[in-house]
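These are notes for a colleague opening this model for the first time. Please keep the structure in view while going through the points.

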Amino acid sequence: MLLKLSTFALIPALLIQGNRVKKNTLRLPEPAGEREGLFGQGKPLSILIVGDSAAAGVGVEHQEEALTGAILNQLQQDYQIRWKLQAKTGDTTSKVIRVLSEIPAEHYDVVVTSVGVNDVTKLMPADVWIKKQQQLYSEIEARFSPELIIAAGVPPMNMFPALPNPLAWLFGRYAKAMNRELDNMVKKKANMQWIEYDIQKYQNMNLQMAKDGFHPSKEVYTLWGQEVASKIRQTF
C-alpha cells in the first residue's frame with residue numbers, strides 16, 4: 001500500500017524525470033555476434049538464454065563479452081554446448097512469453113532468463129509481476145522441458161547511475177518487491193534457482209556498469225556468467 005501511495009504522490013516528478021532520462025540516456029545497441037551455435041568440448045549440454053536487453057548483452061560490443069559469451073567461456077572445457085540466445089531490448093515479461101510461444105518447441109537442458117527491468121519501468125506491482133513470471137516459467141517448462149532454470153533477479157535500479165531520484169528510489173522499491181516474490185516462487189520449484197544482481201558487490205570490487213549507466217559492463221557480465229556456470233556444474 002505504501003508503495004502504491006508513493007507512486008501516486010510522485011507521478012508529476014516521475015513524468016518529468018522519465019522523459020528527461022529517455023532523452024538524455026545514451027542508447028546502446030545490442031552487440032554483434034552469433035545468436036546460436038555449437039561450442040566447446042565434452043559432455044553434451046543445451047542452453048537457451050531468453051529475456052531483455054541484459055540477456056541480449058547490451059553494454060558490450062560483441063556477444064563474446066556478453067552474458068552468453070561469459071557462460072560459454074566458463075563451460076567450454078567440459079561441455080559441448082548447443083546454445084541459443086532469444087532476447088531483445090525493451091522486452092517485458094509479457095513480450096518474452098509471446099516470443100517464446102512462437103519459436104519451435106525443443107528440449108534444452110538449461111534455460112537462463114533475465115527479465116523484469118522493463119516491467120519495473122511500467123510500474124507493474126509485484127503481485128501482478130509474479131503471476132506473469134509464473135506464466136513465463138510454465139511456458140518454458142512446457143515448451144523446452146529444462147532440467148534447470150536459472151533466473152536473474154531484478155537489478156536494484158535505485159543504484160543505476162543513469163537514474164535520478166526520486167525515480168531511482170521508486171524503481172528500486174519496485175525491484176526489491178519483485179525479487180522478494182521471485183525468491184518465494186523459486187523456493188517452491190525444485191528445478192529452479194535465481195541469481196541476485198548485486199551492484200553493491202560489483203562496486204566493492206571496483207567494477208563499473210556500462211557507459212550508459214543502465215546496463216552491465218563486460219566485467220559484470222563475466223561475473224554473472226561465472227555464477228550461472230557454477231549452478232550448471234552443480235546440476236550436470
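**Notes on the predicted model**

1. Serine 53 is in contact (heavy atoms within 4.5 Å) with Val58, Lys88, Thr89, His215 and Tyr221, once its neighbours within four places in sequence are left aside. Serine 53 lies in helix α2; helices (H or I, at least four residues) and strands (E, at least two) are DSSP runs, numbered from the N terminus. Its relative accessible area is 10%, and serine 53 is therefore buried. Buried means under 20% relative accessible area, exposed over 50%, and partly exposed in between (1.4 Å probe, protein chains only).

2. On the source: this is a predicted model, in which local features need pLDDT of at least 70 and side-chain atom pairs count only at pLDDT 80 or more, while totals for chains, interfaces and linings use all residues. Residues are numbered from 1 along each chain as its sequence is written, and side-chain values use heavy atoms, with hydrogens and water left out.

3. The largest nonpolar core has 74 residues, of which Ile47, Ile71, Leu75, Leu163, Trp224 and Ile232 touch the most other members. Helix α7 (residues 167-187) contributes the largest share of this core, eleven residues. Such a core is a set of buried Ala, Val, Leu, Ile, Met, Phe, Trp, Tyr and Cys residues joined through side-chain atoms within 4.5 Å. Leaving aside neighbours within four places in sequence, leucine 75 is in contact with Leu45, Ile47, Ile81, Ala229, Ile232 and Arg233.

4. In helix α4 (residues 93-102), the buried residues are Thr93, Val96, Ile97, Val99 and Leu100. They lie on the same side of α4, because they cover an arc of only 165° around the axis; the arc is that of the directions from the helix axis to the C-beta atoms. An α-helix has 3.6 residues a turn, so residues three or four places apart point the same way. The buried residues of α4 pack against β2 (43-51), β3 (79-87), α5 (117-121) and α6 (126-144).

5. Glutamine 234 belongs to helix α9 (residues 218-235). Is glutamine 234 buried or exposed? Glutamine 234 is exposed, because its relative accessible area is 59%. Between glutamine 234 and lysine 201 there are 33 residues in sequence and 23 Å in space, C-alpha to C-alpha.
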